[in-house]
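Below are my notes on helix packing and domain contact in this entry. Please read them alongside the coordinates.

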Amino acid sequence: MIELRNVTKEYGKRKALQDVSLQFEKGKIYGILGPNGSGKSTMMKMAAGLVFPSKGEVIVNGQPADRSIARDVAYLSSEGMVYPGLTVQQMIEFFAAQHKDFSLEKAEELIQFMSLERHKKVAKMSKGQQGRLKLLLVLSRKAPVLLLDEPFLGLDPMVRDTIVKGLVSFIDFGEQTVIITTHEITEIEPVLEEAVILDEGMVRARCHVEALREEEGLSVLQWLKRNYQ
Amino acid sequence: MTEEFRTSKPIYRQIADRIIQQFVRGKIAPGEKLPSVREMAIQSGVNPNTIQRTYGELERMDVVETRRGQGTFMTEQIDRKKQLRIEIQREMIETFIQNMRGIGVEDKEITEAVEQFLAGKEPSEND
């Protein structure tokens, strides 16, 4: 479980997050929505133990999130993460050496699933291939927490579709807690259980995806738009 | 591509409706084994919990049967299939009638229009 307790993060005078309290239950899939600069990435970096709150606490699996939490958290960052000079195979070996929970068996299945070429260098790969490689590296870990920061950024609809199918195929539902930040809601919506809207560093709204349709006849996208009217 | 879902109904219901439709149309045979929850989730691009709900709902409706350790199977009861066919017909008629009334067509005109359509004639202008 992941919990933010009255978390504020200040970068100089700018507040990236303002008194945010949120709980993410074990085994569920959450979507974090909101415009650029709403605090989504800051929140993810905090849950990954890479950024610390100015006020409040971030608790991951019962302990305050710090560098050591990387053991329990597989984090897909929107920037960096893969090295241009390395091949797919070398990236896998690098990740396997860094993380005890990395499953080479799962990585093999994912190479097939994501149609990646083992000996291709990252530098020679398209954005879509790099996006798929990043997901492979994260999904190969049997970590209790998966944090995916903008996994669809700059990818075309076909690749987004493959990524959604990859998530459904390889996530251990009920065991792994997954938080996904995204602008591209359409493909991922049927996979999410709950969605949260962040806006200017604050929680603007929160919903259960199926209940939203059942009770209000709205998709998450429509709900998101309604919250900005 | 993953299919798209309408917003007016929960996704688990839409998938249940689709399975019933396929059953009535004969695309799924009585007694046929349905994909596992995970397979179905991958095919549809949805959360496996959603499929779990779909199968649960279909079981409550006596449309599928879950056999422990074997999976989920379409009902073999032909009577149930006949009932489902009638239920679907009713829903289609209801939608059609509501739409026709919605554009101000009188009930008598609706029957006439349907008869004419079935006879292969163009709709006439009454006003």
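1. The crossing of helix 2 of chain A and helix 4 of chain A is right-handed (the near helix is turned clockwise from the far one by less than a right angle). Helices here are DSSP runs of H or I with at least four residues, numbered from the N terminus.

2. This is a predicted model, with pLDDT of at least 70 needed for local features and 80 or more for side-chain atom pairs, while totals for chains, interfaces and linings use all residues. Residues are numbered from 1 along each chain as its sequence is written, chains are lettered from A in the order in which they are written, and side-chain values use heavy atoms, without hydrogens and water.

3. In chain A, the axes of helix 2 (residues 88-98) and helix 4 (residues 127-139) come within 10 Å and cross at roughly 30° (axes are lines fitted to C-alpha atoms over the stretch in contact, with angles from 0 to 180 degrees between N-to-C directions). Helix 2 of chain A is therefore roughly parallel to helix 4 of chain A (an angle under 35 degrees).

4. A:V88, A:M91, A:I92 and A:F95 of helix 2 of chain A meet A:L133, A:L136 and A:L137 of helix 4 of chain A, contact being heavy atoms within 4.5 Å.

5. Chain B is divided into domain 1 (11-76) and domain 2 (79-118), with bounds from an automatic or database domain assignment. Nine residues of domain 1 of chain B and six residues of domain 2 of chain B form the contact.

Notes
Helices (H or I, at least four residues) and strands (E, at least two) are DSSP runs, numbered from the N terminus. Angles under 35 degrees count as roughly parallel, over 145 as roughly antiparallel, 65 to 115 as roughly perpendicular and the rest as oblique.
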